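Hi,

Here is the model I promised to pass on.

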Amino acid sequence: LDVIQRGAEADLHALVLDSSALWHGITHNEVVVYSLGSDHLRNITEGYTRQMAGRTVDRLPTHIDVGNFLYSWLLGPTWLPPESGVRWMPGSATLRIGVPTPGSLLELNGQCPRAQLLVAPRHLMVLVDGVLAGDTRIYNPESTFRRLFPMPAVAVGKTSVEIEIRVDPVDRKDGQDYGLVFGEIAVRP
């Protein structure tokens, strides 16, 4: 809210929670809705829930902010806890995501710390419902990355798919594997 009030340049889409993630958060007591209808905030969660119940569509989001705990229900069990708006994956991690249309692209946005890349480039492989969507390498000095992969034919006609992300090599620290850091994963039409 502070970003909006200051008038700073911001992607307002990034500040809006997907409706299915909002619904999941409300129904699992993770989100509270407030109104600023007068000079103070008023909790309107109960009324908002009743209004939203009739409009909720059983679709998964096509955009997942991996570092936001409100999207955790879409992530497989191997993801590490969120840290400052991002989340580490070990050598392999999964998530469920909605598919808007045939011919969509899968977009991965993340980071690979420079210290890891100094040791070795990372090999990134992506599978969609078990079918290889693509693989790529992340090299030094590239520390942030954005990769686009065409959705394979197995996704056609489905409303959601399971994405598996694999990275090799990984760094091991205090008994935990650290592969890559992700911020956003999305399916773009």
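**What I found**

The protein chain has five helices and 14 strands (DSSP runs numbered from the N terminus, helices being H or I with at least four residues and strands being E with at least two). Bear in mind that this is a predicted model, where local features need pLDDT of at least 70, side-chain atom pairs count only at pLDDT 80 or more, and totals for chains, interfaces and linings use all residues. Numbering starts from 1 along each chain as its sequence is written, and side-chain values use heavy atoms, with hydrogens and water left out.

On confidence: mean pLDDT (the predictor's confidence in each residue, from 0 to 100) is 85 for the protein chain, with 87% of its residues at 70 or more. Strand E11 (residues 160–168) does best with a mean of 97, while helix H1 (residues 2–6) is lowest at 45. Residues 1–6 stay under 50, and the model has four contacts for them beyond four places in sequence (a contact means heavy atoms within 4.5 Å). Where pLDDT is low, the coordinates should not be read in detail.

Now the inside. Of the 189 residues, 37% are buried (under 20% relative accessible area; exposed is over 50%, partly exposed is in between, with a 1.4 Å probe and protein chains only). Leaving aside residues up to four places away in sequence, Trp79 touches Ile165, Phe182 and Ile185, and its other partners include Arg87 and Trp88.

A few backbone spots to check. Most residues other than glycine have a negative phi, and most peptide bonds are trans. The bond from Asp168 to Pro169 is cis, with omega near 0 degrees, and Pro169 is in the loop between E11 and strand E12 (171–173). Asp129, in the loop between E8 and E9, has a positive phi near 45 degrees. Asp174 also has a positive phi, about 50 degrees, and is found in the loop between E12 and strand E13 (176–178). Asp129 counts as partly exposed because its relative accessibility is 27%, whereas Asp174 is at 76% and so counts as exposed.

Cheers
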